[in-house]
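Dear colleague,

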Amino acid sequence: MTFTAQHLLGIEHLSRDDIVSILDLAEQYVELNRQPHKHVDTLAGMTQINMFFENSTRTQSSFEIAGKRLGADVMNMAMGASSIKKGETLIDTALTLNAMNPDLLVVRHPHSGAVDLLSEKVNCAVLNAGDGRHEHPTQALLDALTIRRAKGRLHRLSVAICGDIAHSRVARSNIFMLNKMESRIRLIAPVTLLPSGIDQFGVEVFDDMAEGLEGVDVVMMLRLQRERMDGAFIPSPREYYHRWGLTAEKLSHAKDDAIVMHPGPMNRGVEIDGEIADDLNRSVIQEQVEMGVAVRMAAMELLVKARRDAKRDVGVMV
């Protein structure tokens, strides 16, 4: 496997080989995680600190389970009660944590670029668990693994990403990912939920669901990020569902074997019809959750190995 990255801050700067290495190792962890005994000692003796400045049930629990199954000592920091609330800067917090000599730092932050800044101040591997509207790399990786297992490949597929593109770091990471795999990307959203400069993303843009979903292999729905909306971006939840929510009628325009995805949590009856979300023949939403643990295990193992190899190479040169 080829993997040389020292941090996992985003998909944009990962090579195609890096991505394939993570997915290939994650496949092994999928099988491990389905066994009665799910524990290995790959990260035994190492310390993983989870710092979540935004609430997250799925991502934080997934990282925690991943670290524990690899044998790491995992600590979840309660950022709502941390010294940052008392006025301490993010950099001061990073320096304090760095003095404790952790091996892995998993960070979710509401501001884009905050995780990159932290990575410059610590001596351990940093994993971006979502920063503002920037990126959410492990979500894109777990989506990629889910697609690859369902469709038999990741390259040269037709993928529709539908909904709140403007506020979605998931969409951004998936666009980077799918472009690297030479897939055809269609974005379907109202103009108010499209980011500026979308014409530079290497995608096709549609306002109409039926037109945008025509013949696609994958339908990726997104959550409306209402907590990031400052103003009226949609006419009403009912109107949004009527025009851009995924229904059986709209899905009929995709290929017969098209899969349906959603990063969660879902707003049923707004972004997606509940029956479609629960349709085991089309929906792979629960598989995405399962793949998340395996992907995060693989990413953490490869980061630790890459940093160990880099230190050894420096030692040889010296």
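Axes are lines fitted to C-alpha atoms, for helices over the stretch in contact, with angles from 0 to 180 degrees between N-to-C directions. Helices (H or I, at least four residues) and strands (E, at least two) are DSSP runs numbered from the N terminus.

Please keep in mind that this is a predicted model, in which local features need pLDDT of at least 70 and side-chain atom pairs count only at pLDDT 80 or more, while totals for chains, interfaces and linings use all residues. Residues are numbered from 1 along each chain as its sequence is written, and side-chain values use heavy atoms, leaving out hydrogens and water.

The axes of helix H5 (residues 137–151) and helix H6 (residues 169–180) come within 8 Å and cross at roughly 55°, and H5 and H6 are therefore oblique to each other. In their contact (heavy atoms within 4.5 Å), residues of H5 including Pro 137 and Leu 141 meet residues of H6, among them Val 170 and Met 177.

Turning to the strands, which pair if DSSP finds at least two bridges between them, 4 of them form an open sheet in the order S2-S1-S3-S4, with parallel pairing. The edge strands, each pairing on one side only, are S2 (73–77) and S4 (125–131). Strand S1 (residues 47–52) pairs with S2 over 5 bridges, and Met 51 has Met 77 in S2 as its bridge partner.

Best wishes

How values were computed:
Parallel < 35°, antiparallel > 145°, perpendicular 65-115°, else oblique.
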